[in-house]
Every structure is written in C-alpha cells, then in structure tokens.
Amino acid sequence: NAHIKKISEGKDIKKGVGTFAFLKILAIFLMSFIFLTYMYFYGSYRETDEQVLVIYIIFLSILILQFSHIFKATFESQTKIAKTSLPNVFARFFSSSTRILVAFFGLGIYWLATAEVIYATILIIFYIYLFRNYEISKPSIEYIKLYLSFALPLVFIGSISIIATNIDRI
C-alpha cells in the first residue's frame, strides 16, 4: 500500500502515520456507511435475524482489523517483521483456541463469529502496545496528495481484477 511504499522510501514517518491514519479512518467510515445503509435498506430483509446478527458481529471484527492495519502497515514500512508477525501469531493462537472450545461445547454460530472479534481485539491491543512510542503528526495536504496519487490507480486496478475474476459467477 501507499503507506508502506512512502515510509520505506524515507518520507517523514510522523506525517506519514498521521496521513495514513486519517485516510484509513475516512475509508473505514465510508465503508461503514455503505455497509450500514445496505443492511438497513436491503440486507435485513434477505436474512433471518440470526444471520443479520452474525453479519454485524463479523463486520465488527472487520472494522477492528481495518483499524489495526494502521499499525501493521507502519511496522511493515520499517521492515519490523517481529512487530508485524508476533501479534498476529499470538492472536491467532487465542482465536483458534476459542474456536476449538466453541466447536467442542457446541456453542453455536454467535460464539464462532465472536471468536473473530476476540482475535481482532487481541491483535489491535498488541499493535497499540507496540506502537506506544511512535509519534504522529497532523496529516498534511502534500502527503494526502502523495498517498492518493499512489493509491487511487491501485483501487481501480484492484476493482477491475476482482470483477474480472468473479464475472462468471453473476
């Protein structure tokens, strides 16, 4: 992503983190608005109440993982592999353990979906702890333009490739 590329090129990490966090949070809010609007107008009529609740639980885990990407991308941009990998391994261990317990005790789909929220929560707690000594600056217009000029073409290419890959399923 743009953040990893620009920080690894030697750009100011404080401005980079602030700008990336701003853009990522903006994208998360946009994604949430689209998802919640869809669920309000269309999604809750197609699924049962149980399915809708599970969808919202999974969406919560996706939101947490998206926020954790701010920290992960910053560590990756500095090639700090241990700070990127260890929290994921530790969180996956707890998530897998939780899933095994859920399956063993037959607790159902709600708890299975909640295991993903537990994974995402443990992961972001570890990332926040490892990120505690980093400084963040306000986003700058210059960096926003820099990040968007790199990221927007990738969004277009990514969208086209997803459509091309899945067109036969329509």
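The crossing of α3 and α5 is left-handed, meaning that the near helix is turned anticlockwise from the far one by less than a right angle. By class, this contact has 22 nonpolar, 5 polar and 3 charged residues. This is a predicted model, where local features need pLDDT of at least 70 and side-chain atom pairs count only at pLDDT 80 or more, while totals for chains, interfaces and linings use all residues. Residues are numbered from 1 along each chain as its sequence is written, and side-chain values use heavy atoms, with hydrogens and water left out.

**The α3/α5 pair**
- The two helices, α3 and α5, pack at an angle of about 20 degrees, and their axes (lines fitted to C-alpha atoms over the stretch in contact) are 9 Å apart.
- That makes α3 and α5 roughly parallel to each other (angles under 35 degrees count as such).

**Ser-68**
- Ser-68 sits in helix α3 and is buried, with a relative accessible area of 2% (buried means under 20%, with a 1.4 Å probe and protein chains only).
- Setting aside neighbours within four places in sequence, Ser-68 is in contact (heavy atoms within 4.5 Å) with Leu-123, Ile-124 and Tyr-127.

**Helix α4**
- Helix α4 covers residues 81-105, which is 25 residues, and reaches 36 Å from first C-alpha to last, close to the 36 Å expected at 1.5 Å a residue.
- Its buried residues are Thr-84, Pro-87, Ala-91, Ser-95, Thr-98 and Val-102.
- Those buried residues of α4 pack against α3 (49-77) and α5 (109-131).
- After α4 comes Gly-106, with a positive phi near 60 degrees.

Terms used. Helix = DSSP H or I, 4+ residues; strand = E, 2+ residues; numbered from the N terminus. Expected span 1.5 Å × (residues − 1). Buried < 20%, exposed > 50% of the residue type's maximum accessible area, 1.4 Å probe, protein only. Axes fitted to C-alpha atoms, helices over the stretch in contact; angles between N-to-C directions. Parallel < 35°, antiparallel > 145°, perpendicular 65-115°, else oblique. Nonpolar A, V, L, I, M, F, W, Y, C, P; charged D, E, K, R; others polar.
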